[in-house]
Amino acid sequence: MPETSITTKMSGKLYIVGTPIGNLDDMSIRALRILKEVDLIAAEDTRHSIKLLNHFEIHKKMVAYHQHNEQHSSEGLIELLKQGQNIALISDAGMPLISDPGSVLVKNCVAQDIAMEVVPGPNAGLCGLVLSGLDTRQFLFLGFLGKENKAINEGLKRIKESEVTAVLYESPHRLTKTIDILINNDLGHRQMSISREITKRFEESKYGTIKDHQDYYSEHTPRGEYVLCIEGRTPEEGTPGQNLDLNAMSLEEHLAVYITDGMPEKDAMKQVSKDRGLSKRDVYNAIKR
């Protein structure tokens, strides 16, 4: 009886491809080649990415891969990769995974030993940082602060305590609110650069203290997507926690310190009662009256 040979097809490869953040001339030759050669393109928004592909006359099948279907879509893409298909992952602009979807797919590829290759491209955060005039040797990248109070407070705590430049993203309709939050958290004296529409026709960067920017945007309507780079802790601020006498504060102020740090109100009241040597009921009654 003749032997039968079984050929096992090797898995395909995932290409993580950076795309322009505004200026299409920033598209790399390698990125164009990969997008033309792969079997499938997973895009954050196919309606947005079709404009990019049409501009470069790339005709490839696309599937949607975004934050709302990331888990489910990753499972399907992994199966296609196992079948030997090569797939390119792109976001609406810049590098996938950087404040964009993609981490679930990459983690699954690592776990299942599927080959990956990165094709570098522009990144708004790094562009804003090198334009900032602030220290670039180390930096804290936070992306968008978020909309929930807990996420905002956690981000603010990290900015206030960090000794290195912090880099944030912000949309035009939330820019002034974010600046106000920074001011209300005693950060108005810090230097900050604000860059908008990076690589696009109306690119510009503005410099000054956070308070200077608050004054400017009180008279000018924000337009475009923004990168904020915030100076790290200044010598005048001292070290985190320095000169913070909790017992000299009112109970309300004492409680606010822990809540700002992200502690739930119930736990914060428990900690205040411990700090002050009071019962939780006494703290509750004093604050709620």
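User: How far is the sulfur of Cys127 from the closest cysteine sulfur, and in which residue is that sulfur?

Analyst: This is a predicted model. A disulfide needs two cysteine sulfur atoms within 2.5 Å. The closest cysteine sulfur to that of Cys127 is too far for a bond. It sits at 10 Å, in Cys229.

User: How many disulfides does the count come to?

Analyst: A disulfide is a covalent bond between the sulfur atoms of two cysteines. Seen from Cys229, the closest cysteine sulfur is in Cys127, 10 Å away and too far for a bond. By the 2.5 Å rule, the count comes to 0 disulfides.

User: Is Cys229 buried or exposed?

Analyst: Buried means under 20% relative accessible area. Cys127, at 22%, counts as partly exposed. Cys229 has a relative accessible area of 0%, so Cys229 is buried.

User: Are α3 and α4 oblique or parallel to each other?

Analyst: Helix α3 spans residues 70–82 and helix α4 residues 103–111. Their axes come within 9 Å and cross at roughly 40°. Angles under 35 degrees would count as roughly parallel, and 65 to 115 as roughly perpendicular. The two helices are therefore oblique.

User: Which residues of α4 make the contact with α3, and how many residues of the contact are nonpolar?

Analyst: The crossing of α3 and α4 is right-handed. From α3, the contact uses Glu70, Gln71, Ser74, Leu77, Ile78 and Leu81. From α4 come Ser103, Val104, Leu105, Asn108 and Cys109. The contact residues divide into 4 polar, 1 charged and 6 nonpolar.

Methods
Residues are numbered from 1 along each chain as its sequence is written. This is a predicted model: local features need pLDDT of at least 70, side-chain atom pairs count only at pLDDT 80 or more; totals for chains, interfaces and linings use all residues. Side-chain values use heavy atoms; hydrogens and water are left out. Axes are lines fitted to C-alpha atoms, for helices over the stretch in contact, and angles run from 0 to 180 degrees between N-to-C directions. Helices (H or I, at least four residues) and strands (E, at least two) are DSSP runs, numbered from the N terminus. Angles under 35 degrees count as roughly parallel, over 145 as roughly antiparallel, 65 to 115 as roughly perpendicular and the rest as oblique. A crossing is left-handed if the near helix is turned anticlockwise from the far one by less than a right angle, and right-handed if clockwise. Contact means heavy atoms within 4.5 Å. Ala, Val, Leu, Ile, Met, Phe, Trp, Tyr, Cys and Pro count as nonpolar, Asp, Glu, Lys and Arg as charged, and the others, Gly among them, as polar. Buried means under 20% relative accessible area, exposed over 50%, partly exposed in between (1.4 Å probe, protein chains only).
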